Amino acid sequence: TLTAKITLDDDNTPPYDVNKRNMLSLDVGIIDRGDTVLPSFGIISNGGNLKIVDYDRTIRYWAEALKLNSKTKVNVYLNDTISEENTQIGEFFATDWDYDNDSRTATAKLTDGLEQMQEINITPLVYDLSREEGTKEGTTNTAIEIYDFLQKQTDDNGFEMISAEALDSNTSEHLTNISIAYPYIEQMNLWRAWQDFAVAFQLHIYKNRQGKIVCVYRGGD
């Protein structure tokens with residue numbers, strides 16, 4: 001069975017439990033590419049929808065108190081009814097709340113939050129010609145160094161993305177073996193920068209079940 005916990009962006013309010021008693025529908029999914037038939041690379045945002053019966057009017061109170069915002073988190077779990085073990089299958093944020101007072105039903109759109117990268121501009125990577133003085137050393141960067149450059153900016157802006165050191169061995173080897181002469185990234189938003197990076201090196205970037213942004217090379221597939 002599926003369950004969820006809705007958590008406000010504060011440290012004082014207990015999470016709101018969503019279970020078979022108050023859940024009307026819960027639809028979420030995590031995929032790593034936009035096309036499952038043809039080769040498709042890039043960054044992809046996942047999401048879903050939630051509809052519940054607000055029996056105790058907690059959601060209504062939160063809405064009236066303006067406590068529901070873009071940082072309202074929804075963690076979704078898959079529960080084994082035999083072993084009673086819970087496994088998190090996604091971390092999302094609830095947006096676009098709608099409330100029906102007559103039926104006490106609340107609905108929300110779920111998003112993993114990655115689309116907010118479109119609102120953040122990166123620090124460009126500008127090639128320094130002084131590096132060429134008297135030597136060719138330093139005129140190239142590996143793709144994994146470019147990854148590290150973008151990952152640190154991503155992490156600094158509040159997105160939990162795995163470091164270059166934490167990449168799986170296949171992805172790390174792939175990016176380490178690629179050299180870029182005279183590297184340059186113009187000013188653009190963070191989403192576009194990762195999209196261009198992923199397409200250039202045949203990567204899949206998405207938020208995994210544990211809520212971390214991962215970058216994976218699957219052999220160009």
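Predicted model: local features only at pLDDT ≥ 70, side-chain atom pairs only at ≥ 80, totals over all residues.
1. N22 sits in the loop between β2 (16–18) and β3 (23–28). Its relative accessibility is 5%, so N22 counts as buried, the cut-off being under 20%. Leaving aside residues up to four places away in sequence, N22 touches Y16, D17, K51, I52, V53 and Y55.

2. D17 also takes part in a salt bridge: its side chain meets that of K5 at 2.5 Å, N to O. K5 belongs to strand β1 (residues 2–7) and D17 to strand β2, so the pair ties together parts that are twelve residues apart in sequence. Both partners are partly exposed, K5 with a relative accessible area of 32% and D17 with 40%.

3. The structure holds six salt bridges. One of them joins R60 and E64, whose closest N and O atoms are 3.0 Å apart. Both residues lie in helix α1 (residues 58–64), four residues apart, or about one turn of the helix. R60 is partly exposed at 27% relative accessibility, whereas E64 is exposed, with a relative accessible area of 56%.

4. In helix α2 (residues 143–156), K152 and D148 are likewise four residues apart, about one turn of the helix. They form a salt bridge with the closest N and O atoms 3.2 Å apart, and K152 is partly exposed, with a relative accessible area of 47%.

Definitions and conventions: Residues numbered from 1 in each chain as written. Heavy atoms only, no water. Helix = DSSP H or I, 4+ residues; strand = E, 2+ residues; numbered from the N terminus. Buried < 20%, exposed > 50% of the residue type's maximum accessible area, 1.4 Å probe, protein only. Contact = heavy atoms within 4.5 Å. Salt bridge = Lys/Arg side-chain N within 4 Å of Asp/Glu carboxyl O.
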